[in-house]
Amino acid sequence: MKQESPKRKKAVALRYKDGEDQAPKVAAKGQGTVAEKIISLAREAGVPVKEDFDLVEVLSKLEVDEFIPPETYVVVAEILAWVYRVNKKA
């Protein structure tokens with residue numbers, strides 16, 4: 001019997017510089033060990049990590065330095081609001 005391999009973990013890091021960027025853009029992306037490294041580096045730097053499988057699927061199709069598409073603005077804004085709340089509590 002052939003065993004199905006588990007889905008590889010994916011990660012996408014976004015960057016947004018107020019006054020410089022017109023929208024958030026992909027800063028890094030990867031899967032498997034690269035995804036784990038992105039998540040590890042974010043946590044080490046004190047950057048909150050939010051899991052959203054569907055959003056990662058969409059954003060992982062973008063290239064690094066590519067702006068996120070307008071149809072993802074609302075969900076990304078919700079995540080950024082969550083990040084700000086988490087940072088405020090810390």
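These are my notebook entries on a predicted model of one protein.

**Confidence**

The mean pLDDT of the protein is 88, and 92% of its residues reach 70 or more. Over residues 1-5, though, the pLDDT is below 50, and this stretch has zero contacts in the model beyond near neighbours in sequence. I left residues 1-5 out of my reading after that.

**Overall layout**

I counted three helices and two strands. Along the sequence they come in the order β-β-α-α-α. The C-alpha trace spans about 55 × 30 × 20 Å along its principal axes. The protein has 90 residues, and 28% of them count as buried. I also looked at contact range: of contacts between residues at least 6 apart in sequence, 56% join residues at least 24 apart.

**The core**

Which residues make up the largest nonpolar core? I found 10 residues there: Val12, Val26, Leu55, Val56, Leu59, Leu62, Ile68, Val76, Ile79 and Val83. The elements that give two or more residues to this core are α2 and α3.

Setting aside residues up to four places away in sequence, Val26 touches Val12, Ala13 and Leu14, then Leu59 and Leu62, and then Glu63, Val64, Asp65 and Glu66.

Next I went to strand β1, residues 10-15, where Ala11 is found. Ala11 has a relative accessible area of 6%, and it counts as buried because that is under 20%. Outside four places in sequence, its contacts are Ala28, Lys29, Gly30, Ala35, Ile38, Ile39 and Val56. I also checked Ala11 against Arg85: they are 74 residues apart in sequence, and their C-alpha atoms are 21 Å apart in space.

Then Lys25, in strand β2, residues 25-31. Is this lysine buried or exposed? Lys25 is buried, at a relative accessible area of 11%. Its contacts beyond four places in sequence include Ala13, Leu14 and Arg15. Asp65, Glu66, Phe67 and Ile68 are also in contact with Lys25.

**The loop between α2 and α3**

Asp65 had turned up in the contacts of both Val26 and Lys25, and I looked at it next. Asp65 lies in the loop between α2 and α3. Its phi is near 75 degrees, a positive value in a residue other than glycine. I noted this because most residues other than glycine have a negative phi. At 52% relative accessibility, Asp65 counts as exposed, since the cut-off is over 50%.

Thr72 sits in that loop too, between α2 (53-59) and α3 (73-89). Thr72 is buried, at a relative accessible area of 5%. What does its side chain reach? A polar atom of the Thr72 side chain lies 2.7 Å from the backbone oxygen of Pro69. Beyond four places in sequence, Thr72 is in contact with Leu55, Val58 and Leu59. Leu55 and Leu59 are also on my list for the largest nonpolar core.

**Rings**

Last, I looked at the aromatic side chains. How many aromatic pairs are there? The count comes to zero. I did find a charge over a ring: the charged end of Lys50 sits over the ring of Trp82, 5.2 Å from its centre.

How values were computed: Residues numbered from 1 in each chain as written. Predicted model: local features only at pLDDT ≥ 70, side-chain atom pairs only at ≥ 80, totals over all residues. Heavy atoms only, no water. pLDDT = per-residue confidence, 0-100. Contact = heavy atoms within 4.5 Å. Helix = DSSP H or I, 4+ residues; strand = E, 2+ residues; numbered from the N terminus. Buried < 20%, exposed > 50% of the residue type's maximum accessible area, 1.4 Å probe, protein only. Polar contact = N/O pair within 3.5 Å; in protein donor to acceptor, adjacent residues only side chain to side chain. Core = buried A, V, L, I, M, F, W, Y, C linked by side-chain atoms within 4.5 Å. Phe/Tyr/Trp six-rings, centres within 6.5 Å; stacked < 30°, edge-to-face > 60°. Lys NZ or Arg CZ within 6 Å of the ring centre and 35° of its normal.
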